Every structure is written in C-alpha cells, then in structure tokens.
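Good morning, and thank you for coming. I shall present one model today, beginning with a term that we need. Please look at the display.

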Amino acid sequence: MDPVQVWTLGIVIVTFALYIGIAIWSRAASTGEFFVAGKGVPAVANGMATAADWMSAASFISMAGIISFAGRDGAKYLMGWTGGYVLLALLLAPYLRKHGKFTVPDFVGDRYYSGVARVTAVVCALFVSFTYVCGQMQGVGLVFARFLEIDVDKGVMIGMVIVFFYAVMGGMKGITYTQVAQYCVLIFAFMVPAIFISLQLTGSPIPQVGMGSQLVGSDVYLLDKLDQLSTDLGFRAYTEGTHSKLNLFCIVAALMLGTAGLPHVIVRFYTVKSMKAARISAFWALLFIAILYTTAPAVSVFARYNLLETVQDMPHAEAPSWFTNWEKTGLITWQDVNGDGKIQYTGDDAEAKGLPANELNVNRDIMVLANPEIAQLPNWVIGLVAAGGLAAALSTAAGLLLVISTSVAHDLVKTTFLPDLSDKKELLCARIAAAGAVVVAGYFGMNPPDYVAAVVAFAFGLAASSFFPVIIMGIFTKRMNREGAVAGMICGTLFTALYILYFVKIAPEKNNAEHWWFGISPDGIGTLGMLINFLVAAVVCAFTPKPPAEISDLVDNIRAPQMDGEELEISDH
Amino acid sequence: MSETKSKSLNKQEYWRANLTWVGALLAVWFLVSYGCGVLWVDQLDQIRIGGFRLGFWFAQQGSIYVFVVLIAVYVLVMQGLDRKFRG
C-alpha cells in the first residue's frame, strides 16, 4: 500500500467508527424517535444535519467539477440548490411543523381530507427518494474504488452495511446525530484543499476572495487569466454563459422549487421543537450549506486553471502521477492524435483558430477528487477528501432511506391499511422497511439503471411539480379542495414525467433546444409542470364543492402563531 | 365574546403582516437570483469589482449570501411579530 492509501484507510476507518458509535449511543426506542427524533433536536444541530442530508455525493464530488467545465452557466446549480431554502423557511417549514405530524403525506392527507391524495403523495415520495438514493450508493462505491482500489460492488456493500447499521437501528434519531458528525467531516474535507490551493494560487486564505484576486507574483486577476487561457485554447471564456435566458430561468426555478419539495429535506423540519425552531434551523441549514456552495465555484476556477496550466503541451512520458493514476481508472483518456507524444487539450473552436485537435478527455467528476493531487497537497489531505465524499454520500443515503421506510411503515401500512397497528409493531415494520430499502438501494447502486444522468432532473422536476404546489395551496388558500389538489398533482407530475421520459429515454436524439417546448430543457420542465399543477387545481377547484368547515379550522390553526408554552403535538397517537 | 373577537382579529393582522413580509423578502429573493443572476447578468458584467464581473459574482456568489441574510431577517421579523401578538 502506498502512503496515500494508508492515510485514506486510516481516516475512513476512524470516521466510520465514529458514525457507528454515535448510532449506538442515540438509537431510537419509539416510533416518535424513529420517524422524527422525538421532535427535540436543537435548531443548530438540525441545521447541520439538514446540510449533510442535503449535500449529496453530487454536491461534494460532482458539482465543482461540473461548474469547472460549464463556467458561468454552472451558477444554475449554485442558485438552484440554495434558493429553495428561502422558500422552505418562508413558505413551508414553520407551517408543516405547526401541523405536527410525521410526514408530508400526513399533511396532504389531512388537509385534503382524502386517502387518495395521501397515497398519491406517498407514491411521489417513494419515487423521488428511490431515484435519488441509487446515485448515493454508487458514489460510495466510486470513492472506495478510486482511493482504496476495492471493487465498486464491494464498496457499495461496505456502504450498505454502514447505513444499515445506523438507519435501521437508530432511525431518525441515530441519523440526525451521525449527520451532524458527517457534516463536520465533509465540510472540513472540502475546505482544507480549497484553502491550500487558494493560498498557492492567490495568496488569500479565503477561497471566495481568492477566486476574485490576483495571481501570486503578478497583477493579473485569476479570472481574467482563466478567460484568456480558455479562449486561447479554443474554449469559451470561463465567465461567459451559453444557456438561453428562459431555459436558465426555468432550470433555476425547477431546482429551487424541487429543493423546497424534496421529502427528505422537509422531514428534517419535523424534528425540531417549535415553529420558531423550524425557521431558525432553516437559517442554520442554509448557512452551513452556503459555506460549501460559495467555496465550490472557487474550487472550480482553481481546478480549471491548474488543469489548463499543467497539462498543455506536456510530453505524456513526463505526466505527473495523478494523471497516470486517473488514466488507469479510465476517467482521464488521452489519444495522441497528431503523434507528437505531447498532450494537447483544446476546445470546440480549435480548428477555427488553427490549433491542434483535442486529445484529452477528463471526466468532470474527478476534478474535486484529483484536485489535491494536481495541487500537490500532502497525502493526508487526499485521504481526507475520500472520507468527505463518503460522508456526503452516506448522510444523504441515510436520510432518503428513512423517508422510504417512513412512507411504507407510517403512511401506507399504519395510516392507510392497518390503523390499529400498535406503536411497537409500527416500529418493527419501519425497521423492516428500512432494511428492505437498503438492499434495494444497494442493488441499484451496483446495477445502475441507464438513465442515471437524468435521475437528478427527474427527482427535482417531480418534487417541484407535485409537492410544492400542493403544500403551498394547502397553507395559503382555504378554498382549495380535495378534487383540485389531486387533479393538480396528477396532471403536473404526469406532464413532467412524460416530458423527461420522452426526451431522455424515448427520443434522446431529439433532446436539444430545437425540439424542446419553448426551448425549455428537461432539467427545467418541472417549472412548467408546477404551473400546470397550479392551473389545473384552480380550475377543478372552481367547479367542485368547497372543503368541509373543519379544514378551514385546520388551516387557521397552522397559520396562527405558536403561543408561549404551547407544546406542539409529538405524535398522532 | 368581545375577547374572542379581538383575538381572532389579532390573528388576522398577524397573518397579514406575515404575508407582507414574505412578499417583500421574496421580491428581493427574486431580484438577486433571477434578476441579477440570470436576466441582467450581461449588463451587470460591464461593472467590475476587483477580479469579478458583477453579474458573474451575483450568479456564483452574491445571490447565495443574500439568501442567507433573507432567512435571518425573516427569523427576526417573525420573532418580533410573535412577541407583539402575544401582547
């Protein structure tokens, strides 16, 4: 084993031991603890747990790399995956907390006095969570494969065992406190290399500032230099965008509305004590997320600059060890097109500019993982990044598995089919469902469906077009009735699902701006789906009877301020 | 009877004040992200602050900072409203 692997293995084992220790210490004893951690999580801790829950393998491993290649257009992820928290804090979290049950389907079922509405919501929740969790297990496998040279499948299995341990035993309570630890690991692992590289390149210890500073030993700004390097090599200038305004607008909106509608994020706000605590923990959550999300674009700039500076015209025989290491995994490929033995990395405009043809392909996902090696940072930093990637993937996987088990045990078995189920049996049922979900997620992690790339768009689009409108209408209008809500949810979701399915699966060759409706790509179609949901609901509602009088009281109660000493319901038993 | 009436009025005022604040804060939310980060990004890029073009900065940094501040303001405002309506 080389020193990097020893460091990696050491750090990974220490962090895993920590997670298991926390899980044993905080295991759940009742359904209230299993589903919503007894509703007694402090706001700061919940903020941290929400941040870890939210930031997945995609945020930690892929996002900075994607932005690195997309330039300014990458802002859609930065804004889209943070702006939703404003909606959560202002429009959703406090009211759902005031309602005081366990899940989103609980709210939908009560507010729309309908089992059909509840089951529709459960199906949406299950679908969104399952599509999302496959990617996480795969992320675990990839990190193991690259850093410890373990088979991807074996890596997935190790991840399954760990998640199984604390999700099945600890429930929401166990997950919450492991997520707090995982947030600390992942943010430390993300920040350390970013700070090191920022110091190396610009002399500033704050990456957010370094990104806009001058390069060390010159008076040229980093971003200007990067723009110039990019255009010289036939790429687009880094700080310029290509998306049409309407499409960009829709993508950002779909990601924001989707964030606000994702069940595994919403459920975190059920775990705090009061409406006030729900608002405060939304603030902490976004603050903790913003630390990573404002550093990521700086990492993208540093990584892109380092890549262009390092590899250009370098003889392949002299390529650094990280280059050859990643070549072995197939994530970097080099083909000596002009046979000069040197690496030429050029963009789409290469021919027009008289530059040699491109010979290099770099997988976007490796930018964060390879970054410490490219910048020649110490071995322990590389090990740390591996542990951070694992923490990000495991924390999100656990949160999703919990939503799946809650949906099955609480919303389906208990509320819909067997209302007389005892608390103890419901808990057992939740544990079995969690165990089953771990196995299914692991299977899909090892045998990923071929539409993985579209899965994220799917999850967000569906959350935006199903949950978001239904919850908003449930809180902010008293007139919205069962018929309108169910019709809206079904039309919005179906439209979004069919649009994505058509362009991604049925006719992928037509997946370009020319064929898209109004030039909106499948990533952004959730926004249109949401509008359809609202519209259909309003029309159907206008022609169907008003909701019963007690619904008006329910809405009044949700909107009313929480009084001093007023304890919110802990469970519905 | 009169007490219940004044209380329910209070609740309505509370709700209206809440909606006004939500509307105002969401207007800012919309302006910094969809406005500065998407629609007017090219115009703003003409302005430079240090090494950043302003539109690029809003899209990749500024909007996120504003989001955090917006939630902080809302938390404080609602704590004030809660206190006021409890009397």
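A polar contact is a pair of N or O atoms within 3.5 Å; within protein, one must be able to donate a hydrogen and the other to accept it, and residues adjacent in sequence count only if both atoms are side-chain atoms. This is a predicted model, in which local features need pLDDT of at least 70, side-chain atom pairs count only at pLDDT 80 or more, and totals for chains, interfaces and linings use all residues. Residues are numbered from 1 along each chain as its sequence is written, chains are lettered from A and ligands numbered from 1 in the order in which they are written, and side-chain values use heavy atoms, with hydrogens and water left out.

Let us turn to K98(A). This residue belongs to helix α5 (residues 75-99) of chain A; helices (H or I, at least four residues) and strands (E, at least two) are DSSP runs, numbered from the N terminus. A polar atom of the K98(A) side chain lies 2.7 Å from the backbone oxygen of N557(A). Is K98(A) buried or exposed? K98(A) is buried, because its relative accessible area is 6%, where buried means under 20%, exposed over 50%, and partly exposed in between (1.4 Å probe, protein chains only).

In helix α20 (residues 482-506) of chain A we find L494(A). With a relative accessible area of 48%, L494(A) is partly exposed.

Finally, chain B. Three helices and two strands occur in chain B, and their pattern along the sequence is α-α-β-β-α. Of its 87 residues, 46% count as buried.
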